[in-house]
Amino acid sequence: MNVLLIYPEFPDTFWSFKHALKFIRKKASLPPLGLLTVAAMLPKEWAKRLVDVNVRKLRDQDLAWAEVVFISGMIAQQDSAHELIARCRTAGKTIVAGGPLFTLEHEQFAEVDHFVLNEAEVTLPEFLRDFERDAARRVYASSEFPDLRETPAPLWELVNIQRYASMSVQFSRGCPFDCEFCNITAMFGHRPRTKTTAQVIAELDGLHRAGWRRTVFFVDDNFIGNKRVLKEELLPALIQWQKGRGGIPFYTEASINLADDEELMRLMVEAGFNQVFIGIETPEEAGLAECNKRQNQQRDLVADVKRIQRAGLEVQGGFIVGFDSDTPTIFARQMQFIQQSGIVTAMVGLLQAIPGTKLHQRLKDQGRLNGQTTGNNVDGTTNFIPRMNRETLREGYKSLMGYLYAPGPYYRRIRTFLREYQRPKISGPFNWCYFMAFAQASLRLGVFGHERFEYWRLLLWTFFRRPTLLPLAVTLSIYGYHFRKTCAALELPR
Ligand code: B12
Ligand code: SF4
C-alpha cells in the first residue's frame, strides 16, 4: 500500500511567521507532528511519503504514486484542505482525514471517504482493521483519552527537517483548567496525560541523531499541568540529556501559575527552556471571571510576567478582546498592560466561539451565533453578535494592533523586556544562518525599513546595556517585521 500523507497550507497569519522565515531561509516554522505520529502507527510494510504544502507544492506524480491519502489539519488550514481534497478526489484516491479540523467539523467535507477522528491512538487501529478487510466505515470517533505511554515516536525521516525553523515534541495532552473559550479540554480532557521520560528522551535522541541542533517546541497545551512529574522526572532527565550535546533550546506553553514556582522555573531554565507562551487574555478581572480563567484572577499579572522573565524565560502572551464585559476602554487597558509587561510577542485576538467549547454552547443558547469560526482569532473576525457595538469593536481592535506593532511602541517593548530578561543558559550552537539573518535584517530593516531609526537604536542600546542579548534583539526585530506585515494585511470586515 502506498500512503501519501498531506499537510495543508497555513494562511499568512500571525503564527505562520512567513515573513520572518525568509530571513533564516526556512519554509515553515514547525513540522506536522500529528501526521508524523500517525505515520508511525501505520503498518510497517506500507510505503509512506509526506508532503507538507507549507514546504513544497503537491505534484501530480505524488498523487499518481499514492493509493490512499491521509490528510490532517487545524481550522486555520481549512481553505487549503478543501482544495487538496478536491484534487485527490479528481485523481480518484481514497481519502482518510483526521486531526483537529476534521474532529470538529467533518460534516463540511463531503468528498472524504473515511474520517478517523479524535486521538489516532484510539480510533486508527479499528479503522486499519476494517480497511484491510475492505469494510471501513465512514466515521471513527471516540470519547476515550488514550494513554500516551503507548504513543510511538514520530517518523522524522518522512520530512526534511532542515526546511523547518523548529522541531516539535509532545510530552503531555490535556489541561487541568477550564477556560470557557478553549477547546483543549473538550478535545484532550482535564487530566494531563504524559509520555514517560524515556519516550521524550528517545524522541530527542532521534532528532539529535538526524542532525537537529536548533530549537525544539514542546507542543503541550499546558506543560506544567503535572508539576510533580516535571520536577522529579522529566526536567532532571533533560538537564542530563543536554550535557555534552552543545545545548538545544526548548520552548513551550504554560499557565501563569508558573510564576509561583521558583524551583520549577529554575529547573526549566537549566533544562534549556528559554521561552514560554502564556494565555494572559485580559487585565480586566470581569473578563477573566466571565471566561472562567480563574488561574489568572486576583493576581498582579505584570509582576508575574516580570518574575518569569527574570528567571530566564521570555514570555509570549495570548490576549483576547470582545468579552461581553469589555467596554471601549479595554483597548487602552490592553495597550498599557502589554507595554508595561514587556511581552514582545503579544497575540491579540478577537474572541471567537469554537465548536465544542462552553462558550459556543452559551452563545448558541443565547441565539448569538452568526457564522463559523475561521479558527484564526487574529484575523479580526468573530462568529457571534458581540455586546459591544460591532463598529467600536472593529475599530478598537484595529487601532490596538496598529499601535502594538508600530515601530515606536514595538521597539520600546523590546527594551522593556531586555531590561528584565536573564540571558538563557542554553541558546544553541552558533549557526551561519543567524549571521545571514543579521545581515539581511540590517539591510531590510536597518536600511530600507521604516523602522531603521528604531532598529539601530535598539542594537546600540543592547550593545552597551545587554550585549549578550544582541542576537535576541535581532530576532525580535525580525519578528516585528513579520507582525507589521501581517497587521498591514489585516482587512477587517465591516
Ligand atoms: C503546535 C501547534 C501549532 C503550531 C502548528 C505547527 C504545525 N506545523 O502543525 C503553530 C504554532 C503554527 C500553531 C498555530 C495555530 N494554532 Co495550533 N496548535 C498547536 C498545538 C499546541 C499542538 C499540535 C500538535 O503538534 N500536537 C501533537 C500531535 C501529535 O497531535 P495532533 O496534531 O492533534 O494529532 C493527533 C490527532 O489529532 C490525530 N491526527 C492528527 N492528524 C491526523 C491525520 C489523520 C489522517 C488521522 C487519522 C489522525 C490524525 O492523531 C494524532 C495522534 O493522536 C495544538 C494543541 C494540541 N494539543 O493539539 C494547537 C491547535 C492545533 N492549534 C489551534 C489553533 C486555533 C491555532 C491557531 C489558529 C491559533 C491562532 N489563534 O492563530 C494558529 C493557526 C496557524 C496559522 N498560521 O494561522 C487549535 C486548533 C483548533 C481546531 N479545531 O482546529 C489547537 C487544537 C489549540 C486550541 N487551543 O484549540 N499551532
Ligand atoms: S489554561 Fe490554556 S489550555 Fe488550559 S483550558 Fe485555559 S486556555 Fe485552555
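How close do the axes of helix α13 and α15 come, and at what angle do they cross? I looked this up before anything else, keeping in mind that this is a predicted model, in which local features need pLDDT of at least 70, side-chain atom pairs count only at pLDDT 80 or more, and totals for chains, interfaces and linings use all residues. I also note that residues are numbered from 1 along each chain as its sequence is written, that chains are lettered from A and ligands numbered from 1 in the order in which they are written, and that side-chain values use heavy atoms, with hydrogens and water left out.

**Helix pairs**

I find that the axes of α13 (residues 330-341) and α15 come within 9 Å and cross at roughly 20°, the axes being lines fitted to C-alpha atoms over the stretch in contact, with angles from 0 to 180 degrees between N-to-C directions. The two helices, which are DSSP runs of H or I with at least four residues, are therefore roughly parallel to each other, a term for angles under 35 degrees. In α13, F331, Q334, M335, I338 and Q339 meet residues of α15 that include T392, L393, Y403 and L404, where contact means heavy atoms within 4.5 Å.

I then followed α15 (residues 390-405) to α16 (residues 407-420), where the packing angle is about 60° and the axes are 4 Å apart. That makes α15 oblique to α16. Here Y403, L404 and Y405 of α15 meet P407, P409, Y410, R412 and R413 of α16, and the contact has six nonpolar, no polar and two charged residues.

**Ligand 1**

I next listed the 44 residues around ligand 1, of which E121, N183, D221, G375 and N377 come nearest; a residue is listed if one of its heavy atoms lies within 4 Å. Among the polar contacts, pairs of N or O atoms within 3.5 Å, I record a backbone N or O atom of A120 at 3.1 Å from an oxygen atom of ligand 1, and a side-chain N or O atom of R173 at 3.3 Å from an oxygen atom of ligand 1. Helix α2 gives the most to this shell, with five residues, and the shell divides into 27 nonpolar, 13 polar and four charged residues.

**Ligand 2**

Around ligand 2 I find C175, F177, C179, F181, C182, K293 and Q295, which by class are five nonpolar, one polar and one charged.

How values were computed:
Parallel < 35°, antiparallel > 145°, perpendicular 65-115°, else oblique. Nonpolar A, V, L, I, M, F, W, Y, C, P; charged D, E, K, R; others polar. Polar contact = N/O pair within 3.5 Å; in protein donor to acceptor, adjacent residues only side chain to side chain.
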